[in-house]
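The structure is shown first.

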Amino acid sequence: MHQRVLFSLSALSLAMLPAVPAQADDFSYPVLTPSQTDFGGVGLIQMPSGRMAKEGEFIAGGTFNDEYHHYTVSLQLLPWLESTIRYTLVQDLLYSNDESFSGDTKYTDKGIDFKVRLLKESYWLPETAIGVRDFGGTGLFDGEYLAASKHVGPFDLTLGIGWGYLGNSANFHGDKTLGNDCDRGTEYKGKGGNIDFERWFSGCSALFGGIEYQSPWQPLRFKVEYDGNDYTSDFPVTRGGITMPQSSKINYGVLYRLNNWGDLRLSYERGNTWTFGFNLNTNFNAMKAIWRDEPAPVYRPRLTSPDQPLSAKDWEQLAQDLHTIAGYQDPTIYATNDTVTILAPQSKYRNRDEAYQRAATLIANQVPAANEFRLIESVNHLAVTETRIDREQFAKVAQYEYFNAKISDATIVASPSVPEGKLIAKSDKPWEISVAPTLQQSFGGSEDFYLFNIGINAGANYWLGDHIEIGGGLYFNLYDNYDKFLYEVPPDGTDLKRVRTLVRQYINDNPVRINNLQLTWMDSLSDNWYSQAYAGYLEMMFGGVGGEILYRPFDSNWAVGVDANYVIQRDPDSQLGFFTEEVQYDPITNRNYRVQTGAVTGHATVYYQPQWKWLPNTLFKVSAGKYLTEDKGITVDFSKQFDSGVIVGAFAAKTNLSAEEFGEGSYNKGFYISIPFDVMTVKPSTNRATISWLPLSRDGGQMLNRKYQLFSVTDARSPWYGRRPMN
C-alpha cells in the first residue's frame, strides 16, 4: 500500500518540475482558476490545495450527501489569507435526545478554517500553503495540512500532507493500533469553541494529492484526488454507529462554471457516495457603484461685481444646491467679506473630493466675493473636520490650467475651527425621521438551524439646540421564527442572568415595541476630545444612563475611548417597565431563572488601523471591561475593508466565565458584513447596511447596544466607514 501511494505521489512531484510553462496556453485552453472543496475553501474535492483565490473573493455554497450537509462561506481576506466558516448538519444524528427542546433538528457542527500562503508559484516553485481546518470547533473535522500546487498547462497538480481528519488513513505516519486517530484525541468536545493547540499536527498523518483539469470548453473542468482520510473516525461512525465504508481511496469530481457568479459540482467519493454541491460568488474588491446622480456643476463664475451683495434668494438657492448637488445636508451658511463657511453633514459622497469639487464650484459660481471656502463637516451637530479651499488655486484646478490638476491641490483638511462671519442661512428643521428594514439572525441553534426576525425600525429625533437630542424608535416585527427559541431556561446547567437569551419574549411576543427612547447630549471638549451622555430606554432589552469619552487626534490611525453605563433589564411583558425581582419563575418548565435588575457595565476601547503592508485596510478594536451579565473580560474585533468599501469583520469576547459557566459555544463570537448603500443602489450615499450573524445567542460577553458610538460619529477625522472607494 505504501509503495503504491508513494509511487503515485512521486509521479505528481515529478510533474511539478518546471519543464512546461506555469500558465495555461491561452490559445488552446481557458485559464484555470481556483475552485472550492466540499468543505469550503480552495482545493480539490475533499482535500485542500496550495492555491489562493483572488483577494476579496466571496463564495457561499452548499454540499450535500447522505451523511453531511455542509453550508459554507469562504472569503479571501488578504492575498495570503483565506478564511472559511462552515455549518454542517449531520444527517444521521439529532441535536439532542430531548424532543421537547430540539425536536427533529439535525446535529449541527460549526467550524472555522484558515489557510496561509507560504510561497507564491514561480518557475521553479509551486504555490505552497499551510492551513487548519475546524479550529476552535467541536472536533468533528479538525485537521491541519501543508499543500503545494503547480500549474502544468491545463492541469493543476497538488501534493500535500495532512493530519487529523485529513490524515486519518495514516499512510505516511501513525499507529492505528492506538485508535482510529492514532491517539490524537479527536473525541467530541461538548461545548465547542476552544482551540486545542496541543493536538495540532499530531496523531495520524497521510499524504494526499490530486489533479484538476481545465477542459478546452471553459465551463467544464474535472478533478481526481487521492484521499488522506479513511472515515473511521467520522462523527456518525463514532457517535451514531453509522457505517461509512471507503470502497476506494480515489475521489472523482466534475465542476461546471456558471459564468462569473457560481458553479455546480458533482463528485463520486469513497467509491460509493454521490455528492452534489453549488457555489455562488462575487468579489468585494471588484464591486462598483453605478449611479444616477445629479450632474456635476460646470465652473462658470457670475459676471457681477464682487462688491455686489447676494440677495436672500441667492443664498437660499446656494443652500439648496449644496444639499442636492454636493450632498451637504441642510447646510448652515456663514459669510464675511471674503469667506464663505458651510456647516453641514455630508450625506452623499464617500469620496470627499467629489463633494469638495461640487461644493467649491457652486460657491465660486454664486459668491464672487469669496476668496476662501470653508466646509465644516458635522455629524449630530458635532463639528468633525474642516476643509479650506483657496479660490484662486481652485480656479486653476477647475479650468485644468496644468497637467493632472485635482481638487486636493486647492484643499487643506484639518480639525474644525469656530465659524466666522454673519449667519446667512440655517435650516429651520430641528427634527428628522427615518425608516429602515432590519434583520437579526443566528445560526446553528439547538431548536432550529436558522433563527431570525425581519422587521422595520421607525425613528424620530428632535434637537433641543445644537447639543441635546431627544429621540426614539419603534420596532415593527414583520416575521420571525423565534417561537422555536426555547433557551429561556436552558438544560445545560448554566446559571447566568438572561441578558440576551430572553430574546424570544422581546421579539416574538411583542410585534410592536419601543426599541429606543433616550435623551442624548453630545459635544467636543477640545480639538481631539469628544463626549456624550445619555439616559432612557437605551435598547430593546435595557434602559439606564451612561456616557462616553473619546480621544481621536485628527488624521490619526488610532483612537482611545471609554464608556460607562448603569443599566436595568426591561420587562418584556411591559412596554415601559423594568424587572424589579432578580429571580423569575417560568410556569411552563417549572424552573426559576435570573435577570439583570441593575449593574454597571462599560469598556475601555483602543481603535487601531495598522499601517503594515502585509495587513492593509484593516481595523482592530480591543475593548476591556464589564459585560451585562457582570462577567469581565476582553472583546477583540477585527475588520477588513475591500476596495469597494465593503467591510467584513469578526469579533470574539473572552471573559472570566469558564466554558461550563458560559454554556454551549464556550465564549461569545460573531461575524458581520457592512455594505455601502451606493454599491447596492443607483444613488450615492454615505450610509451602510450591516448584516451580522452569531453562531449562538448566549448571555456571556454581551455588550450594551448603544445608539451612538463616538468612533463612528467622528469617522471623517480618519475615514474608515466613510472611506472613499479604491476601485
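A residue counts as buried when its relative accessible area is under 20%. The model is predicted. In helix H6 (residues 391-398), the buried residues are Arg391, Phe394, Ala395, Val397 and Ala398. These residues lie on the same side of H6, because they cover an arc of only 160° around the axis.

**Helix H6 and its ends**
- At the N-terminal end, H6 is capped by Asp390, with a side-chain oxygen 3.3 Å from the backbone nitrogen of Glu392.

**Packing of H5 on H6**
- The H5 and H6 axes come within 11 Å, and their crossing angle is roughly 110°.
- Angles of 65 to 115 degrees count as roughly perpendicular, and H5 and H6 are therefore roughly perpendicular to each other.
- The crossing of H5 past H6 is left-handed.
- On the H5 side, Gln357, Ala360, Thr361 and Ala364 take part, and they meet Arg391, Phe394 and Val397 of H6.

**Asn285**
- Asn285 sits in the loop that runs between strand E12 (273-283) and helix H4 (312-324).
- Its relative accessibility is 14%, so Asn285 counts as buried.
- Beyond neighbours within four places in sequence, Asn285 contacts Glu55, Gly56, Phe642, Asp643, Ser644 and Asn727.

Definitions and conventions: Residues are numbered from 1 along each chain as its sequence is written. This is a predicted model: local features need pLDDT of at least 70, side-chain atom pairs count only at pLDDT 80 or more; totals for chains, interfaces and linings use all residues. Side-chain values use heavy atoms; hydrogens and water are left out. Buried means under 20% relative accessible area, exposed over 50%, partly exposed in between (1.4 Å probe, protein chains only). Helices (H or I, at least four residues) and strands (E, at least two) are DSSP runs, numbered from the N terminus. The arc is that of the directions from the helix axis to the C-beta atoms. A polar contact is a pair of N or O atoms within 3.5 Å; within protein, one must be able to donate a hydrogen and the other to accept it, and residues adjacent in sequence count only if both atoms are side-chain atoms. Contact means heavy atoms within 4.5 Å. Axes are lines fitted to C-alpha atoms, for helices over the stretch in contact, and angles run from 0 to 180 degrees between N-to-C directions. Angles under 35 degrees count as roughly parallel, over 145 as roughly antiparallel, 65 to 115 as roughly perpendicular and the rest as oblique. A crossing is left-handed if the near helix is turned anticlockwise from the far one by less than a right angle, and right-handed if clockwise.
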